[in-house]
Amino acid sequence: MACARVPLDEQQVTELGPLGKERTLPALHPDRKEERCFVPYKPPPEDGSPAKVEEFLEHARFIAEDLEWLLALPHDKFWCQVVFDESLLQCLDSYLELAPRGLDLCTLPLSPAVADVQRTVHKAVFLTFLRMATHKESKEHFITPAVFGEIIYNNFVFDIPKILDLCVLFGKGNSQLLHKMIENIFTQQPAYYSDLEETVPTVLQVFDTILEKCGLQCEGATAMEPMKLNAQKQPTAMSMNLEELVDIVLYLCDSTTTIHTFLDIFPSACSSFHSHGFLSRLPPFYEATVPDLEKAIRKRNFDDKSLQEDLWKRMSHSCRKMVETTHLLLHHTCLQPILEGRENMQTFAEELLQYFTSFLPEKRFLVDFDEQFPISDDISLLQQALPVIDETRTSYLLQGVESAWDATGGRRPQTEGASSSSADQGAAAAAAAGSDGFGSPEVKESRGERLVGAEAKMAAPQKGDNFFPYRTVTWHQNVLGFQGAVCPVSGPELESLLSCIRDLLPDLGEGFLLACLQEYGYNSELVINNILEDRLAPSLDKLDRTMPRPVKEDLPDVLNNRSNVFDDDEFDVFRRDQVDMSRVWKGRRKGESAREMLNDKQHIAEQRARYQTYETVVDEVAVEPGASGGAGADTYDLDDYDDEYDDTYDMNQIGANDLDGDSLLSRRPFTVPQVLRKGTKAEEEEQEDDEDKDVSQNPVNRDQFVQDPALLRERAEAKRAAMQQRKGFRPERPSNVVGRPKGQGQTTETFLDRRKKEANKSRVSNHNRRSMADRKRNKGMIPS
């Protein structure tokens, strides 16, 4: 072995070859790999038969022994096995793919022996991945970081799907170690960030796949692809096969759990999900899918009630993870920069408020999100950090949240801090169950333990016990009883609830029963129990128990109260008995012929009156001598008019736009018209010479109608040089094809210029003359 503190990728080792001769090899070489076959992983059997259990135990012990042998190898031998042994990577990949997740263990009949072996394999796989993600084990055993990044990336030791599976399998109780592992992987090999950017659209495609399988379509800007007009209608959650429904729920649960766990362990990935509009896609998907799937789970007939209960647990778990994922993205991309006091805090605050505003149309999602993470707390925190936030906008958001609670028919929890307490309880329970998740086959419901009898019906909905506040009934009442309604029921369902209660309590009025149903969320069992035990709400005790049902008022005639653009016009057939049918036709109206249109001179008659006002033209007006020019005006005598007056300069408005005083003469001397000048030609020439001298002596006052072309060329050249310098333009070197005199040798530049001239001579006039001459010579046109 080479000297210490040399990276493994640079070490050389000397060992005996196959023929017994010593040879020197790199520390990472395929010949140094140990011949060992790692068997792929198989999950525990679902039926629990003794033969399959024995087979699983033997298979799992082989994997555990092989991984323990691998972990005991020295640093160089370990990496030779990782890089060059394909069976090892196949074994690890099979475990990541087939290992049961946390919610899967509750359906498996795990015996103590199976649980112990599974826990051993689980731990060995995690330690193997942990060592493979470490490039420096000690001061003597390490790999160059750049080389380490290339090894794990080029040999597919880690990729984005593997990292996602690692988070969901080992995240519980090992989040800090996983965070260091993933952070080291992304730090030493930044190419994983680009792989993550390419993976996010695939994750978004999961939502579109579920919507398509459920016969739904996400409309608007959030849809990835437009719906085809000729596409066949997919079966809905109520009409599809039971196996397909189970697969969709399992797929949704696994996807949402994986995404949330990955973002929770590695928050740096939130920016990638945020940049692809993940927050804009998740709420509409939640609003479209969750009610449809929950309704199918409740309403469909299941032969196995345990399967129905398991689907409901997974559906509730998926809803919780989607809400927590949304909060994670909002926290790390919007709230965290504000709390850290980064630059452009106003921009992050505006983005957060914009997302809250986009949640308002999604009533169901908004209520579930506000129940778990109150929006009022985030807005209060935002107002403390930025007091300049518009109060009108924040009040509008809070009112939208209140209206969402009213629209869903739920009760907003009044207790504060229950969320954190329930979260602490959940964390403590998880810690007690064990970090690996294989302690107990039972999975506790996230909404608390189930009560029986009157206690279950009277238990107040707590924030931690019931994730969705308007689902205040237990699992047996919601799913197995089919009596409790999640939201306001339809007409036939309401009649069924009333008849069910009146069969037991016929002396009560329907009006009183309707008030009770509305008060207790349309849960008939809870209403009957509270009436029998005399535990009605104070508002219901004040009502008359024989109160009849309100009489429905007859709806007015729609035609009499309608509002239409054709009201009271000539085509209103509802108020007129006769309509001019000559003005009504079907299809395109037959137009007039071209001859009839040209012969129609009606437009000429319409314009004749307009042009008649211009017909009267008076050339001369006879005015008697001494007559006034007009009433109220100064009189003038037409005999004084001289028609020979020279009006040459009357068009120039002399003095109209001039300054007061003699400023005009100071700016420009008065010039006598040439016609009115008196003097010899010599005097005139002398005056002109004097004026030219004055103008040459005062070039500033000279009227420059045309600028100096040399000055214009100089400005254009300066502007062109500035632009070329700004764009980084480099002028071409001047060509030199003449070169030095013959016998003194030529430079390389001269040879290059001559070659360039010879190659590009066809671009100018007489191009292709050499090729055409060769062509003529080849055809015999020119004697050679």
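Rings of Phe, Tyr and Trp count as a pair if their centres lie within 6.5 Å. I start there because the aromatic pairs take up much of this talk, and by that rule the count comes to 21. Please keep in mind that this is a predicted model.

Tyr 153, Phe 186, Tyr 192, Tyr 193, Phe 262 and Phe 266 are linked by ring pairs into a cluster. Take Tyr 153 and Tyr 192 from that cluster. Their pair is edge-to-face, with 5.2 Å between the centres and 80 degrees between the planes. Tyr 153 belongs to helix H5 and Tyr 192 to helix H8, residues 191–213, so the pair ties together parts 39 residues apart in sequence. Tyr 192 is buried, at 0% relative accessible area, while Tyr 153 is partly exposed, at 27%.

Next, Phe 38 and Trp 69. How are these two rings arranged, stacked or tilted? The planes are at 45 degrees and the centres 6.5 Å apart, so the pair is tilted. Phe 38 sits in the loop between strand S2 (22–26) and helix H1 (50–71), and Trp 69 is in helix H1, 31 residues away. Phe 38 is buried, with 4% relative accessibility; Trp 69, at 24%, is partly exposed. Trp 69 also has a charge over its ring: the charged end of Arg 36 is 4.4 Å from the centre.

There is another arginine of this kind, Arg 131, which lies over the face of Phe 78, 4.1 Å from the ring centre. Arg 131 is also among the residues touched by Trp 79, along with Leu 8, Leu 28 and Phe 148.

In soluble globular proteins, nonpolar side chains tend to be buried together. Here the largest nonpolar core has 122 residues, and Trp 79, Phe 158, Phe 262 and Phe 273 touch the most other members. Helix H12, residues 305–339, contributes the most to this core, with 12 residues. A second, separate core has 21 residues, including Leu 494, Cys 516, Leu 517 and Ile 531.

Is His 135 buried or exposed? His 135 is in the loop between helix H4 (112–132) and helix H5 (145–154), and at 16% relative accessibility it counts as buried. Its contacts beyond four places in sequence include Phe 142, Pro 145, Asn 184 and Gln 188. Leu 504, in helix H20 (residues 491–504), is exposed, with a relative accessible area of 57%. Its C-alpha is 8.3 Å from that of Ile 528, 24 residues away in sequence.

Terms used: Residues are numbered from 1 along each chain as its sequence is written. This is a predicted model: local features need pLDDT of at least 70, side-chain atom pairs count only at pLDDT 80 or more; totals for chains, interfaces and linings use all residues. Side-chain values use heavy atoms; hydrogens and water are left out. A nonpolar core is a set of buried Ala, Val, Leu, Ile, Met, Phe, Trp, Tyr and Cys residues joined through side-chain atoms within 4.5 Å. Buried means under 20% relative accessible area, exposed over 50%, partly exposed in between (1.4 Å probe, protein chains only). Helices (H or I, at least four residues) and strands (E, at least two) are DSSP runs, numbered from the N terminus. Contact means heavy atoms within 4.5 Å. Rings of Phe, Tyr and Trp (its six-membered ring) pair if their centres lie within 6.5 Å; planes under 30 degrees apart count as stacked, over 60 as edge-to-face and the rest as tilted. A charge sits over a ring if NZ of Lys or CZ of Arg is within 6 Å of the ring centre and within 35 degrees of the ring normal.
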